[in-house]
Amino acid sequence: MNNKWLIRRLASVIVAIFATIVISWALLEFSPYSPANYIMQFINPQEFAQKPELYSSLIDYLNTLRPHGNPLISAADYIWNTLHGNLGFSIISNVPVAQLIAVALPWTLFIVVTSLLISFFLGIRIGQKLGYMRGTKTDSISTVSLSILRSVPIYIYAVLLIYILAFTYHIFPTGGAYSVNVTPGFNLPFIASVLYHAFLPIFTLTIVNLVGWILQMRANTIYVLGEDFVNFAEVSGIKKDIIEKKFIGKNAILPLYTSLVIAIGFSFSGSVFVEQTFSYPGVGNLLINSITSNDYPTEMGVFIIIIVAVIVGNLIADLTYSFLDPRAKVGEE
Amino acid sequence: MEAYKTLLAIGYTLLLLDVFSLVIYRSSATLFPQIVVLILSTFMIVYAIIQIRNLK
């Protein structure tokens, strides 16, 4: 790693973060909607018949929530505050946006990460087995069924599962992150309650991801099975187990790590539907509520936090990688 | 290998988001999911680092 590369990499990170803030500000500042639109629909002018001045002052206040003034000054203010870690206050709940996100984020990360890891490890196992069974009846039936299952949108799974398992058979709760009867903390009843409430959201995300991993791993295994080094290993008399594990599995799994990035993004967007359906108090639910109420500081805060985490995460990974692997002497001609 | 670098980036991103929520808001209700994500993201990072070291 040389200094020139490091400076260039840091500069690109700063530009990317700056662009994220500016674009998120511009998208919402020039949006035709305002939180005032949302609040005004709950205001009945007849209730203010006795006090018309109160009604007009309320409307004046709500109008201040709409984007006003010089956009450049407004943008500069927003960027300055964001760079200082101040994402503003939610217009609807008057709570700091950073706090709202910090409360919701652990629940979303919990269901997304858990479902992703479960589906990944199950998917590579099943996919590898299907790859070995290529051309058989089981493989054909499984591939067709999985392809059909993959085309079903995530919200259909969510609605079906909540209808059957929660509303009809009452096996799982219909919403929330934990029961109101347990004391929050690091105790067994609370942990059991959290896992019980998270089961359906995690299960829904797992099904959708699992199908994708199985199909990808199956295709990769079939591709690797045709490689020369596998034939050579078989001819050399190496045990079948070792060939499957070290020669085929290890090589077939590599492209899937790259797909994990896409899967994480897909899970985050999927969690919006899942959290809404299961009334789970995560970022997806927060985002939907802030969009419907035109609470733009919260919307911008969610976008900025996630994008900045991705940018900084990639930077640290680059630095760690170049430190760990001397062959990756990045930036050197 | 690019694949392990991707895994490393995912681990760091999840860890950063989790640390952000731990720094800004700590309560007994969110502690369990925060710790679970902390463990899983650390596992991802350590696994990726071990694999990269083995590639040498």
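In the predicted model, the contact between the two chains takes 36 residues from chain A and 35 residues from chain B, two residues being in contact if their C-beta atoms, placed from the backbone, lie within 7 Å. On the side of chain A that touches chain B, at least two residues each are supplied by H5, helix H8 (188-225), helix H10 (240-277) and helix H12 (296-324). Helices (H or I, at least four residues) and strands (E, at least two) are DSSP runs, numbered from the N terminus. The residues on this side of chain A comprise 29 nonpolar, six polar and one charged; Ala, Val, Leu, Ile, Met, Phe, Trp, Tyr, Cys and Pro count as nonpolar, Asp, Glu, Lys and Arg as charged, and the others, Gly among them, as polar.

This is a predicted model, in which local features need pLDDT of at least 70 and side-chain atom pairs count only at pLDDT 80 or more, whereas totals for chains, interfaces and linings use all residues. Residues are numbered from 1 along each chain as its sequence is written, and chains are lettered from A and ligands numbered from 1 in the order in which they are written. The predictor assigns the complex an ipTM of 0.92 and a pTM of 0.85. For chain A the average pLDDT (the predictor's confidence in each residue, from 0 to 100) is 85, and 91% of the residues score at least 70. Within chain A, confidence is lowest in helix H2 (residues 35-40), with a mean of 68, and highest in H7(A), at 94. For chain B the average pLDDT is 88, with 96% of the residues scoring at least 70.

Chain A has twelve helices and zero strands. Its radius of gyration is 26 Å, well over the 20 Å that the globule rule gives for 333 residues, so chain A is more spread out than a compact globule. The radius is taken over C-alpha atoms, and the rule is 2.2 Å times the number of residues to the power 0.38. Taken along the principal axes, the C-alpha atoms of chain A fill a box of roughly 95 × 65 × 40 Å. Of its 333 residues, 34% count as buried; a residue is buried if 20 or more other C-beta atoms lie within 10 Å of its own, exposed if 12 or fewer, and partly exposed in between, with C-beta atoms placed from the backbone. Among contacts in chain A with a separation of 6 or more, 74% involve residues 24 or more positions apart.

Chain B consists of two helices and zero strands in its secondary structure. Its radius of gyration is 13 Å, while a compact globule of 56 residues would have a value near 10 Å. The C-alpha trace of chain B spans about 45 × 15 × 10 Å along its principal axes, and 52% of the 56 residues count as buried.

The largest nonpolar core has 85 residues, and those with the most contacts inside it are A:Ile101 and B:Leu8. The largest share of this core, 18 residues, comes from helix H5 (residues 97-132) of chain A. A nonpolar core is a set of buried Ala, Val, Leu, Ile, Met, Phe, Trp, Tyr and Cys residues joined through C-beta atoms within 7 Å. Neighbours within four places in sequence aside, B:Leu8 is in contact with A:Ala317, A:Thr320, A:Tyr321, B:Ile45 and B:Ala48.

An unreviewed UniProt entry places the feature "transmembrane region" at several spans of chain A, including residues 254-274 and 302-324. UniProt positions are given in the numbering used here, feature names are shortened, and annotations may be inferred rather than shown by experiment. Residues 254-274 of chain A are 100% helix and 0% strand, with end C-alpha atoms 29 Å apart. Residues 302-324 are likewise 100% helix and 0% strand, and their end C-alpha atoms lie 33 Å apart. The annotation "domain: ABC transmembrane type-1" in UniProt (unreviewed entry) covers residues 105-317 of chain A; this stretch is 81% helix and 0% strand, with its end C-alpha atoms 22 Å apart.

A:Asn94 lies in the loop between helix H4 (71-83) and H5, has a positive phi near 60° although it is a residue other than glycine, and counts as exposed because it has 7 C-beta neighbours inside 10 Å. A:Ser279, in the loop between H10 and helix H11 (283-292), has a positive phi near 50° and counts as partly exposed, with 15 C-beta neighbours inside 10 Å. A:Ser151 lies in the loop between helix H6 (137-150) and helix H7 (154-168) and is exposed, with 8 such neighbours.
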